[in-house]
Amino acid sequence: MSAFFLGRPGDTPSGGAASSPPGWRRRLPRLYEAPMSNAAAPSPAAANDDVMKKVVALCKSRGFVYQSSEIYGGLKSAYDYGPLGCELKRNLMSEWWRDMVTCRENVVGLDASIIMRPEVWRASGHAAGFADPLVDCQVSQERFRADKAPRPAAPGPLPITCADKGVAKTYAEIIEKKFGVVLERDGNVLNGLVASSATEFGYVPKGASAPTQTWAWRGYVSPLIGSPFLTAEKSFNLMFRTALGAVDPMQEVANIIDTTLLCSIGSSEDLGHGTRSYNLDEFFNVVKAKFPKETSDEQSLLGKAVKSKDKALVIRAIIEHIAGPSMVYLRPETAQAMFVQFRNVQQSMAAKIPFGIAQMGKSFRNEITVEHFIFRSCEFEQMEMEFFCEPGTQLQWMEYWKDQRMSWWTRYANDPTKFRFRTHEKDELAHYADGCYDVEYLYPWGWGELEGIASRTDHDLHAHQEASGQSLEYVDQEKEDPKTGKKPWKYLPYVIEPAAGATRAVLCFLLDAYCEEERTTATGEKELRTLLKLHPRLAPIKCAVLPLVKKDGMPEKAREIIDAMLKAGITAKYDEKGSVGKRYAKHDEIGTPWCATVDGQTLTDGTVTVRDRDTTVQVRVAISDLVATIKAKLENFER
Ligand code: ATP
């Protein structure tokens, strides 16, 4: 099937499924997902670590990606895309849009607001279920995600590996104090703990054959030091909340606490010296008097809290009750707007099933563990499409979109073998999904997700139809309802969702493009050439125009060429600083695929040299043909 398939209503996709090796998990609701398998995440090798460090350094030094708010010490979970980074990200997202929307008759675009009615997130399940299992290490206080933690084999040893001997000594003392065992220290490693079964770990003193003390074992350890001494898992909702409107809900909360809660504290209480004797009954009575309707409803948050007689729970419920109505969420994914606007888009565009709605843009998740540079950040960009199809055709469309999406990823890659599918196991699938595949990339630390492609049945439309009370059914006037045998057929379309990360894709293509080559210079010396072999359509600058020297009319000629390129829509840059060799090296490093150099010959025969980044081969091209040559190279580039 062609890479730019122009689907028509009624077209049926054909196969082309790629292989589906095993790997890890995917999205909502996270609490119900299976943990990442260890096999999918090989431990990072030093060389790979090095590549990551080099790419991160290059990103900063060459203006691709900076740490957010760096001059104030940086914000850990946020990044700013510099002059070259924003061009690269924009090019990548344009390529996705071109492939998913512009080149298809049956996919349309949407640019929805980031803030939506909170009901959207209640109906979608995000308000209740979009949570990560959060755990603290009781030794190092590290906070991490249980589902991403290392899972050592059981039975087997559980060494605690610390940063240095001093830290190991401190942690040994903490363990002795909190858990009553003295671990044997070997340099920076504490030994003696073993996973004795799938549910238990214990302390086995040197020379002993059985544990002298045991604890419950949850199958994973803290990522930093490998400690099995962990707190219980707490569910942590990933959505960012903020308040909409001119009312400050926190002030209202403060007023209520002042008038309702403080006045219920008994007069005998000593507020200044620690011994507080709250009059709890009085407190609950005041709350009931203040919120009679809510507290009498035992199903409401406040009703449940009062019934529990838990003071903290009641205070929390009051805060939710007051602040809740003005609270809105920053979207944690772009997908929901496509379901919520399904009817508007379908009717206003007279779209016929099958058709898709695509959207790209910012999403926000309050990630517990931000990791691997821009791989996982709290603010990121997604490129998602919901493809609505007839019930019963979804698995064929799934194969079609798998094929299309893998073809898109590998089209821009130097090394297509670093991309693979990972089939979700049955127990990993959300209850409504009837198939899910991740497109994974082999990052320096192991395989990781780039995109999820899921068959979501009619789950989302159904949920929004129920919650909003609005019909989201599609009416096919030409088809008979399979149940009644009569026209029209009214149904909720099924959905295939390819959901990719744009910022994660930037990292993937930077890693794929980064390489170092040893080469021999014109003077016979060996030198290391660093280059980004970015696909030219992704490259921030397509052509650099360099006057060989800053005299003899060469700068003026180069400026003329630049003007012509910019007029033709080619991102070109004039560069006259430093020797021509240094300028080539700089453009290799930022991924500029071609450099056009104006030299002495240019002034006599109207030609320039065009140097290819990857081969370093130079050919002479007439200035009059230059724009067309670069355009053709951009359009027809193949690896
Ligand atoms: P992960 O398992 O890595 O947390 P996910 O399965 O939760 O990802 P989806 O909800 O399927 O991710 O989102 C679709 C895509 O959005 C992912 O494949 C990924 O490329 C991207 N993405 C999700 N979360 C983040 C994040 N915090 N930072 C950057 N990209 C992200």
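What percentage of the 639 residues of the protein chain count as buried? The share is 49%, where buried means under 20% relative accessible area, exposed over 50% and partly exposed in between, with a 1.4 Å probe and protein chains only.

This is a predicted model, in which local features need pLDDT of at least 70 and side-chain atom pairs count only at pLDDT 80 or more, while totals for chains, interfaces and linings use all residues. Residues are numbered from 1 along each chain as its sequence is written, and side-chain values use heavy atoms, without hydrogens and water.

**The whole chain.** Display the protein chain as a cartoon. It has 19 helices and 30 strands; these are DSSP runs numbered from the N terminus, helices being H or I with at least four residues and strands E with at least two.

**Helix 13.** Select residues 394-411, which form helix 13. At 1.5 Å a residue, its 18 residues should span 26 Å, and the end C-alpha atoms are 25 Å apart, which agrees. The expected span is 1.5 Å times one less than the number of residues. Buried residues of helix 13 include Trp397, Trp401, Trp408 and Trp409.

Next, find the open sheet of five strands, whose order is 27-26-28-29-30, with mixed pairing. Two strands pair if DSSP finds at least two bridges between them. The edge strands, each pairing on one side only, are strand 27 (572-574) and strand 30 (618-622). Select strand 26 (residues 543-547) and strand 28 (residues 594-598): they run parallel and are joined by five bridges. Here Pro547 stands opposite Val598 in strand 28.

**Helices 16 and 19.** Finally, select helix 16 (residues 554-567) and helix 19 (residues 623-636). Helix 19 lies across strand 26, strand 28, strand 29 and strand 30, running at about 120° to strand 30. Helix 16 and helix 19 pack at an angle of about 40°, with their axes 10 Å apart. That makes helix 16 oblique to helix 19, since angles under 35 degrees count as roughly parallel, over 145 as roughly antiparallel, 65 to 115 as roughly perpendicular and the rest as oblique. Show the side chains of Lys557, Ile561, Ala564 and Met565 of helix 16, which make the contact with Ile623, Leu626, Val627 and Ile630 of helix 19; contact means heavy atoms within 4.5 Å.

How values were computed
Axes fitted to C-alpha atoms, helices over the stretch in contact; angles between N-to-C directions.
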